[in-house]
Amino acid sequence: MKKFLLIAACIIGFGQAGSASDIPTTNWGAVLKVPLSKVGDVEKGLVEWGNWIKDTHPMGADEKDGLESLTITKSDEASGHVYYVIIERYHSESGLKNHSKIFQRDVGGAYQNMFSKLYFFNKY
């Protein structure tokens with residue numbers, strides 16, 4: 001009987017995991033493949049972008065619509081490029097929606113100059 005219950009629990013667990021959406025609804029992310037000659041420009045832009053996040057976004061799981069974490073990982077040089085993996089994780093879907101609202105407000109507003117330097121998000 002225990003074996004049957006264990007098998008049933010596994011089937012239910014795997015079924016739920018298999019039917020879950022593959023697209024996270026509380027995260028935003030990007031992978032950048034940056035030529036070595038542009039690494040300095042990209043890193044400078046990432047610092048400015050990170051400062052915008054700190055200045056404008058609620059932080060932490062205790063904050064309504066808060067940013068739980070922002071991670072930027074940099075690879076070693078590979079074939080003339082450096083890879084960056086960027087992940088923003090929010091506590092809820094409304095946190096990610098709030099990020100989008102803040103972006104829409106600031107891209108043409110007070111942070112317009114900073115956003116004009118972030119072409120690399122689309123280019124690389």
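This is a predicted model: local features need pLDDT of at least 70, side-chain atom pairs count only at pLDDT 80 or more; totals for chains, interfaces and linings use all residues.
Residues are numbered from 1 along each chain as its sequence is written, and side-chain values use heavy atoms, with hydrogens and water left out.

Let me start with the overall layout. The chain has 5 helices and 3 strands, where helices (H or I, at least four residues) and strands (E, at least two) are DSSP runs numbered from the N terminus. Read from the N terminus, the order of elements is α-β-α-β-β-α-α-α. Of the 124 residues, 27% are buried; here buried means under 20% relative accessible area, exposed means over 50%, and partly exposed covers what is in between, with a 1.4 Å probe and protein chains only. If we take the contacts with a separation of 6 or more, 67% of them join residues 24 or more positions apart, a contact being heavy atoms within 4.5 Å. The chain exposes about 8300 Å², with carbon and sulfur atoms supplying 57% of that area, as computed by the Shrake-Rupley method with a 1.4 Å probe, where for residues only the protein chains shown count as cover.

Now to helix 2. With 18 residues, helix 2 reaches 26 Å from its first C-alpha to its last, close to the 26 Å expected at 1.5 Å a residue, the expected span being 1.5 Å times one less than the number of residues. Its buried residues are Val 39, Val 42, Gly 45, Leu 46, Trp 49, Gly 50, Trp 52, Ile 53 and Thr 56. Seen down the axis of helix 2, these buried residues fall within an arc of 155°, so they line one face of the helix; the arc is that of the directions from the helix axis to the C-beta atoms. As a reminder, an α-helix has 3.6 residues a turn, so residues three or four places apart point the same way. On the face turned away from the buried side, helix 2 carries the exposed residues Lys 44, Val 47, Lys 54 and Asp 55. And what covers the buried side? The cover of the buried residues of helix 2 includes strand 1, strand 2, strand 3, helix 3, helix 4 and helix 5 (120–123).

Spanning residues 93–107, helix 3 has 15 residues and reaches 21 Å from first to last C-alpha, close to the 21 Å expected. The buried residues here are Gly 95, Leu 96, Asn 98, His 99, Ile 102 and Asp 106, and, viewed down the axis of helix 3, they fall within an arc of 155°, so they line one face. The face of helix 3 turned away from that side carries the exposed residues Lys 97, Lys 101, Gln 104 and Arg 105. Among the elements covering the buried residues of helix 3 are strand 1 (27–35) and helix 2 (39–56), together with strand 3 (81–90) and helix 4 (112–116).

Turning to charged pairs, the structure holds 5 salt bridges, each defined as a side-chain nitrogen of Lys or Arg within 4 Å of a carboxyl oxygen of Asp or Glu. One of them joins the side chains of Glu 43 and Lys 74 at 2.7 Å, N to O; Glu 43 lies in helix 2 and Lys 74 in strand 2 (residues 67–74), so the pair ties together parts that are 31 residues apart in sequence. Another joins Arg 89 and Glu 68 at 2.9 Å, N to O, linking distant parts of the chain, with Arg 89 in strand 3 and Glu 68 in strand 2, 21 residues apart. Arg 89 is partly exposed at 39% relative accessibility, and Glu 68 is partly exposed at 30%. In a further salt bridge, the side chains of Asp 65 and Lys 64 meet at 3.6 Å, N to O, and there Asp 65 counts as buried at 16%, whereas Lys 64 counts as exposed at 68%.

Finally, the surface. Val 31, Tyr 83, Val 85 and Ile 87 make a nonpolar surface patch of about 320 Å². Patches are made of residues with over 30% relative accessible area and no salt bridge, like charges being joined within 9 Å and nonpolar side chains (Val, Leu, Ile, Met, Phe, Trp, Tyr) within 5 Å. Strand 3 gives the largest share of the patch, 3 residues, while Val 31 lies in strand 1 and is exposed, with a relative accessible area of 56%.
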